[in-house]
Number of protein chains: 2
Amino acid sequence: MVVELISVGTELLLGNIVNTNAQYLAEQCALLGMSMYSQTVVGDNKNRLAEAFRTALKRSDIVILTGGLGPTEDDLTKEVCAEVMGIPLVDDPHTRERLRAYFEGSIYKEIPENNWKQAQVPAGAKVLDNDNGTAPGLIMEKFGKSAILLPGPPDELHPLFQEQVVPYLRALRPEYIFSRMVKICGVGESAVEDKLLDLIDQQTNPTIATYAKIGEVHVRVTARAADEEEAKKLIKPVVKEIRSRLGDNVYSVQEGETLEMAVVGLLKKHGLTVTTAESCTGGLLAGRLVNVPGASEVFREGFITYANKAKRKRLDVSKSTLKKYGAVSEQTAREMAMGGVFATDADVCVAVTGIAGPDSDGDKPVGLVYIACYMDEKVRVEQYQFRGNRAKIREQSVVKALDLLRRTILDSDRGK
Amino acid sequence: MVVELISVGTELLLGNIVNTNAQYLAEQCALLGMSMYSQTVVGDNKNRLAEAFRTALKRSDIVILTGGLGPTEDDLTKEVCAEVMGIPLVDDPHTRERLRAYFEGSIYKEIPENNWKQAQVPAGAKVLDNDNGTAPGLIMEKFGKSAILLPGPPDELHPLFQEQVVPYLRALRPEYIFSRMVKICGVGESAVEDKLLDLIDQQTNPTIATYAKIGEVHVRVTARAADEEEAKKLIKPVVKEIRSRLGDNVYSVQEGETLEMAVVGLLKKHGLTVTTAESCTGGLLAGRLVNVPGASEVFREGFITYANKAKRKRLDVSKSTLKKYGAVSEQTAREMAMGGVFATDADVCVAVTGIAGPDSDGDKPVGLVYIACYMDEKVRVEQYQFRGNRAKIREQSVVKALDLLRRTILDSDRGK
């Protein structure tokens, strides 16, 4: 089944916003096992939208359109699609009533006249109630094709899609598609492929695909079956085999679990607290741990010691170490990690010091980063030579620091 | 002059990555005064890419393609475009020599055989040297149309575009387009529009447009003229008028200057150093300051005091304040900011404490954030009630904290 996307909105053509909806919908459709060969962006222009929609209907089974469902005159996705499919617009009392209820008790004294336009729907269309806005989603079917019209704001689009479009798309297919993501840190994409090559080559159901992320590799295992239970049964041994081949490099097989969520979960599981000692990352490492709701249980404070003086004062890095080896050195990283534990009541400290650029530091090159982790009176230090600009070097450093923290816990006596 | 984009890459169709290149290029083309009516994404598929490219060549003067210039068999943008335009590929000794030099001194002992493919260029094409990767950019011209092929990685694409494509596009136009961005913080988009309404309505050259960003509003002033000097002359009085109407809310009129760059610049100008005291933002505020190369001159260390105990120990927030008013309160924010200055040798401290959610804290709602700034024995505290999820609340907090720091310096005796 072939699906394609049309994003409607002049703000996309002007580069005012990034098209995150396309990424979201593409990922969701891939998870459902659908094929996508094309995505298009058009502005709020009747003729060009009609042309793009006609082309899409010809080559795809399902066309998902986002944006252009608002109450203004610029919003014409519904009108254009209905016209192209030859379906008249009719008043929908259900949507009219929902609109009335939405505005009642809102800051508006009365309903803006143009909002009533949103109660008009293509005759026979499935109306998808939108609990987070005034534009309902719409599904039109004709000639064996489906057009799915969704509002553009992501906080309206995502719940509508998950709750109402996913079941619709699942029902269109004779088979059930289910996939699981195995998330890996600490080995590169080609090494992962090498280790899984025979699996990737042999498997037809489930299929296996690898994706490179910054500092991570994700492996998606996708099965097709008659129902969910059977699909899961097909996936289970494959995921198990991947885990056994990649060992501790696998940090998660849970949908939606990020590296920082896995790390915070591991800390919680072992009743450990962590502190951070950051130089070049300047707070981004702690910032990622705090991404996780409830991080306060395992993270109480962190240090940003950008200057040497701060490294000495807060983390007790010795003057002679800084003088002899420099701030970006294995020795300094080691002392930072130790110092973080001693300065707090945390069980573990992960420390980062490096040269993010653009300028190098004497004979030390841009991208040189040391990451240390101290726990149970032992310290582990890793040296990296990252490539890329300042932002990329710092981002990679954060991923490697989170991963070193994870491995230190796993390899410790407590982790076993 | 009409330009359109084709992004090439199966990873976009699978939703593995967000198409930030499309946003970047669309914004850049708008800055150059070009019209864009369409953007397309296709996978690494010969026939579909050829079809998309043919369609684009028919309806647009310039087609910019990104991605698919790598050394693997999947990478076929150059091959397909050259074939569609009827231009043969030839060996380019200059690019071959650059490839050789690139791999010399790299971790590779010898040059991977398939990389030589990147030395093949369409006959007569302009070759755009890529200092950040192995794939050069390429410009092909035929039938009065231009195809511009650029590598997909943003850190290769951006410098190539700025340094080599912008001058090329400028030279294609009979008139010179120049624009300047006025960046504003501390007033909402509709308030900015209200203040500039007569200007926006009256002006035809330069034109004025507003854009809402997270915590910021950007106003773009665009002039068309015979040459750069004349365009700048048209823009100057309009920018001056906008500045006079918006006063200190304008933080930059420099191309590419971010809020953190403006803040670090202001600190440098006045010879001030800053420290940070963060709770809910958990390091993201310091992380943004450190985005700026050379931030070490003004930022030496920062505190992440997530737990109450850390607020007391590091920043000397009093136990009774925390007990009486709670961690998320005006009083705690005030003491955090004061404590940051007293604990360090910094001149200024900006502090953030708030509830990022998803859970509220007793009767205090999610999104409640206090931001304080201490300088010259005075402290300023602001209370915010942000909307959105955890990430958005933290992001808005960081912007407001940077802006409060900026205003505190501007309003101080030193800033005057």
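## Strands 10 and 11 of chain B

Strand 10 of chain B is joined to strand 11 (residues 216–225) of chain B by seven bridges, and the two run antiparallel; strands here are DSSP runs of E with at least two residues, helices are runs of H or I with at least four residues, both numbered from the N terminus, and two strands pair if DSSP finds at least two bridges between them. Within this pairing, Ala212(B) has Val217(B) of strand 11 as its bridge partner. This is a predicted model, in which local features need pLDDT of at least 70 and side-chain atom pairs count only at pLDDT 80 or more, while totals for chains, interfaces and linings use all residues. Residues are numbered from 1 along each chain as its sequence is written, chains are lettered from A in the order in which they are written, and side-chain values use heavy atoms, with hydrogens and water left out.

## The sheet and its helix

The open sheet has four strands of chain B in the order 10-11-9-12, with antiparallel pairing. Strand 10 (207–213) and strand 12 (250–252) of chain B are the edge strands, each pairing on one side only, and the twist from one strand to the next averages 35°. Helix 7 (residues 189–202) of chain B packs on the sheet, touching strand 9 (176–185), strand 10 and strand 11, and its direction makes about 180° with that of strand 10 of chain B; axes are lines fitted to C-alpha atoms, for helices over the stretch in contact, with angles from 0 to 180 degrees between N-to-C directions.

## The interface of chains A and B

The contact (heavy atoms within 4.5 Å) takes 62 residues from chain A and 59 residues from chain B. The buried area, that is, the accessible area (1.4 Å probe) that two parts lose on being put together, summed over both, is about 4600 Å² between the two chains, with carbon and sulfur atoms giving 53%.

Five salt bridges (a side-chain nitrogen of Lys or Arg within 4 Å of a carboxyl oxygen of Asp or Glu) are found across the interface of chain A and chain B. In one salt bridge, between Arg314(A) and Glu301(B), the closest N and O atoms are 2.6 Å apart. Strand 14 of chain A is joined by five bridges to strand 14 (residues 299–305) of chain B, the two running antiparallel, and Ile304(A) has Gly302(B) as its bridge partner.

## Backbone details

The peptide bond from Asn205(A) to Pro206(A) is cis, with omega near 0°, and Pro206(A) lies in the loop between helix 7 and strand 10 of chain A. In chain B, the bond from Asn205(B) to Pro206(B) is cis with omega near 5°.
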